[in-house]
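Please look over the sequence and the 3D structure shown here before reading on. The briefing that follows is meant to be read with both in view.

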Amino acid sequence: MGDRPLRVLVCGDVEGKINTLFNRVKAIQKKSGEFDLLFCVGNFFGSSPENEAEWEQYKSGAMKAPIHTYILGAANQETVKYFLSADGCELAENITYLGRRGVFTGASGLQIAYVSGTEAQHEPAPAYCFAPKDIAALLIPLVSSSKFKGVDILLTSQWPRGIWQYGNSPDICTKSCGTASIANLAEKLKPRYHFAGLEGTYYERLPYRNHMVLQESAQHVSRFIALASVNNASKKKYLYAFSIVPMKTMDPAELVKQPQDVTENPYRKTGKEAKKEKAAPAAAVDEEEPVVQFFFDLGKKQHQGSQGRKRPSEETRPSQHKQPRKPPCWFCLASPEVEKHLVVSIGTHCYVALAKGGLTPDHVLILPIGHYQSVVDLSSEVVEELEKYKTALKKLYKSKSCRCIMFERNYRSQHLQLQVVPVPMQNCATEDIKEAFILQAQEQQMELLEIPQHTDLKQIAQPGTPYFYVELDTGEKLFHRIKKNFPLQFGREVLASEAVLNMPSRADWKECKYTREEEEALAAKFRESFEPFDFSLLD
């Protein structure tokens, strides 16, 4: 890491309640120590005589801001009179108007991009509005540099249109909320933090990624926070405190770490817009997993934007002329495509869901909530909770006189799915299951090696290495390093064989589909039976 983190405060619309704001800041600093900067988005000034009298005390020097304060310009006609210059200037001691748009770089190297006002609906743009040329003037000097990675902070008064896509929803109607020009700005600038106001509510969106998983190198995540107005009647949050180390002084590996709740980029182009973008290689689409019996039905027709296409099956390849972009990850819990009725338990880092078209009614998946491709990519805290879920499911299956068999295929998949299947003890011994896997592998000219029980997969497979892995109820482990042409249904076919579950007709998950009502009933039944073993209910 570089220098000490900067302690920053950001405020929503002040609307002339300047004393209220600064009294609150003083109280925070008295309790938590000094902050370095205060940024204000939305309308800083009010239009009433009381507001004007209050401001006059600061303008005259009778009162002084307790912290270096930087504000955006007018967002309505009534307050334009307070801003005499479009270029920014000091309005009072410790209170600085940033300007119409630009980039402010502090002594620490912290880089803040900003745009004042609301989007102009006509030309010439009123003094409280920004025009397309303002966005272009801000963007071009930054993104034209080959070394540009993003900015630390973006300050706008208006929200970006569609920021709620793939994430949690704000508590306001979004029909007319936000503007596409701010969304475009945020997409290009990749701010680590983006703050906005004007909508009168507090909304902290889940962090989102700035790269396409498995297609681009990892980049830092972005966070969007909208703040309410000062002293609002609903007592919604209007002041946000955080610490930040400037991007330019951060360790690159630290900078690109992905939090557990990261989601897809809300600005990712979809539908017709995507066709205008550079198309992804056809091979990249082929590498996506064909319809398999995982948690999500990848074979059904999806809706909304890029989900409107069918996923390619093993037999059908996409036309060379149609090269759709890779859609959002189907397995991240924050994805809008999650079939939540199949989720049976949610922990802090992992969740459990019934497998769609499962081999048995108790066939489940353990998946990380955040985006991880395989077990070897997991952080220590996620591994710890994954193990807790494995132990809990083993206890459940043992209570039903079943062996717990788990397998993972890190090949043609973008998100870890650990398959967990119960096998009745009366069907066969563990040795029979082990032999079935080994013999089936030999028939397909694959080498399935037994590895020591306490071996960590990270010791034998680097992140990104394709592999297939089985863990038996005794703790014995079998491992195959995939080189090419691995049968995608291998694990399921072995367990469905006559030697194990003796249900060969269920080897193909597409023959095992249930109706929505049947799935809901199965999930409810599993939750009930799992409840005595579910540690997440005790947390």
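To how many disulfides does the count come, if a disulfide is a pair of cysteine sulfur atoms within 2.5 Å? By this rule the count comes to 0 disulfides. The model is predicted, so local features need pLDDT of at least 70 and side-chain atom pairs count only at pLDDT 80 or more, while totals for chains, interfaces and linings use all residues. Residues are numbered from 1 along each chain as its sequence is written, and side-chain values use heavy atoms, with hydrogens and water left out.

**The chain as a whole**

- The secondary structure of the protein chain comes to 11 helices and 23 strands, where helices (H or I, at least four residues) and strands (E, at least two) are DSSP runs numbered from the N terminus.
- Of the 539 residues in the protein chain, 54% are buried; buried means under 20% relative accessible area, exposed means over 50%, and partly exposed lies in between, with a 1.4 Å probe and protein chains only.
- Among contacts (heavy atoms within 4.5 Å) in the protein chain with a separation of 6 or more, 72% are between residues 24 or more positions apart.
- The protein chain exposes about 24700 Å², of which carbon and sulfur atoms supply 49%; accessible areas come from the Shrake-Rupley method with a 1.4 Å probe, and for residues only the protein chains shown count as cover.

**Cysteines**

- The closest cysteine sulfur to that of Cys 40 belongs to Cys 11, and because the two are 4.8 Å apart, they are too far from each other for a bond.
- Cys 40 is buried, with a relative accessible area of 1%, and Cys 428 is also buried, with a relative accessible area of 6%.

**Helix pairs**

- Helix H8 (residues 380–399) and helix H11 (residues 516–530) have axes that come within 10 Å and cross at roughly 95 degrees; axes are lines fitted to C-alpha atoms, for helices over the stretch in contact, and angles run from 0 to 180 degrees between N-to-C directions.
- That angle makes H8 roughly perpendicular to H11, given that angles under 35 degrees count as roughly parallel, over 145 as roughly antiparallel, 65 to 115 as roughly perpendicular and the rest as oblique.
- In this pair, Tyr 389, Ala 392, Leu 393, Leu 396 and Tyr 397 of H8 meet Phe 526, Ser 529 and Phe 530 of H11.
- The contact of H8 with H11 has 7 nonpolar, 1 polar and no charged residues; Ala, Val, Leu, Ile, Met, Phe, Trp, Tyr, Cys and Pro count as nonpolar, Asp, Glu, Lys and Arg as charged, and the others, Gly among them, as polar.
- Helix H1 (residues 18–32) packs against helix H2 (residues 49–60) at an angle of about 60 degrees, with their axes 9 Å apart, and this makes H1 oblique to H2.
- Ile 18, Asn 19 and Phe 22 in H1 meet Glu 54, Trp 55, Gln 57 and Tyr 58 in H2, a contact with 4 nonpolar, 2 polar and 1 charged residues.

**Backbone details in loops**

- Glu 123 and Pro 124 are joined by a cis peptide bond with an omega of about -5 degrees, and Pro 124 is found in the loop between strand S8 (118–119) and strand S9 (129–130).
- Asn 94 is not a glycine, yet has a positive phi of about 75 degrees; Asn 94 is in the loop between strand S4 (89–92) and strand S5 (95–97), and is buried, with a relative accessible area of 15%.
- Lys 235, also a residue other than glycine, has a positive phi near 60 degrees; Lys 235 is in the loop between strand S14 (221–226) and strand S15 (239–244), and counts as exposed at 74% relative accessibility.

How values were computed
Disulfide = S-S within 2.5 Å.
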